[in-house]
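Hi,

Here is the structure I said I would pass on.

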Amino acid sequence: TARLSLVHALDHLYQLIRELETAPTLTVSDPTSNILAAQEKLRAFLGDALLILHQEARPENLHRAEQLAEELSEIRRTGRHALLLETSETRLSPKMTDELLSQLRWIDISASHLWRAAYHLHTAEEAEATREQSSD
């Protein structure tokens with residue numbers, strides 16, 4: 001139902017707010033450039049999410065947001081591997097690696113909550129439209 005989808009969306013938005021309040025501060029540079037790639041994807045994702053929130057939630061916008069969330073998840077997975085490799089080859093200290101991994105996890109989790117909130121808002125909109133059509 002639309003009501004349940006709205007509750008799910010609100011839950012993800014509250015979780016996203018918590019993530020934003022606890023955003024890790026990055027004080028080291030990333031030799032693998034995975035953090036920069038993830039940040040750029042997250043910026044693009046936020047732009048697509050704004051389209052979904054401010055316009056009619058068209059399926060192509062929702063699909064693009066889902067793709068970006070999946071791409072960010074993949075960057076986290078490959079970035080984790082690259083950072084661990086850099087650490088094993090002593091190019092990064094364990095502390096630096098932990099900080100960079102925390103940043104990647106934060107970006108991935110934030111994107112996931114944003115995607116799920118957009119999905120549930122879209123679902124609520126569809127459910128409401130269906131309800132209105134059936135009452136006509």
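Below is what I found in it, going from the whole chain down to single residues.

A word on the ground rules: this is a predicted model, where local features need pLDDT of at least 70 and side-chain atom pairs count only at pLDDT 80 or more, while totals for chains, interfaces and linings use all residues. Residues are numbered from 1 along each chain as its sequence is written, and side-chain values use heavy atoms, with hydrogens and water left out.

The overall picture

The chain has 4 helices and 0 strands, and from the N terminus on its elements run α-α-α-α. Helices here are DSSP runs of H or I with at least four residues, strands are runs of E with at least two, and both are numbered from the N terminus. Of the 136 residues, 36% count as buried (buried is under 20% relative accessible area, exposed is over 50%, partly exposed is in between, with a 1.4 Å probe and protein chains only). Looking at contacts with a separation of 6 or more, 81% come from residues 24 or more positions apart (a contact means heavy atoms within 4.5 Å).

Helix α1

α1 covers residues 2–21, so to speak 20 residues in all, and reaches 28 Å from its first C-alpha to its last, close to the 28 Å expected at 1.5 Å a residue (the expected span is 1.5 Å times one less than the number of residues). Its buried residues are A2, S5, A9, H12, Q15 and L16. Seen down the axis of α1, they fall within an arc of 150°, so they line one face of the helix (the arc is that of the directions from the helix axis to the C-beta atoms). On the other side of α1, R3, Y14 and E21 are exposed. And what covers the buried residues? Part of the answer is α4, residues 94–135.

How α4 packs

α1 and α4 pack at an angle of about 160°, with their axes 8 Å apart. (Axes are lines fitted to C-alpha atoms, for helices over the stretch in contact, and angles run from 0 to 180 degrees between N-to-C directions.) That makes α1 roughly antiparallel to α4; the cut-offs are under 35 degrees for roughly parallel, over 145 for roughly antiparallel, 65 to 115 for roughly perpendicular, and oblique for the rest.

α3 (residues 59–88) packs against α4 at about 165°, with the axes 9 Å apart. That makes α3 roughly antiparallel to α4. The crossing of α1 and α4 is left-handed, and the crossing of α3 and α4 is left-handed too (left-handed means the near helix is turned anticlockwise from the far one by less than a right angle, right-handed means clockwise).

S110 lies in α4 and counts as buried at 3% relative accessibility. Leaving out residues up to four places away in sequence, S110 touches L16 and E19. The C-alpha atoms of S110 and Q15 are 8.4 Å apart, although 95 residues separate them along the chain.

With the sequence neighbours up to four places away left out, D108 touches L72, S73 and R76.

T90 is found in the loop between α3 and α4. T90 is exposed, with a relative accessible area of 69%, and its phi is near 60°, a positive value in a residue other than glycine.

Cheers
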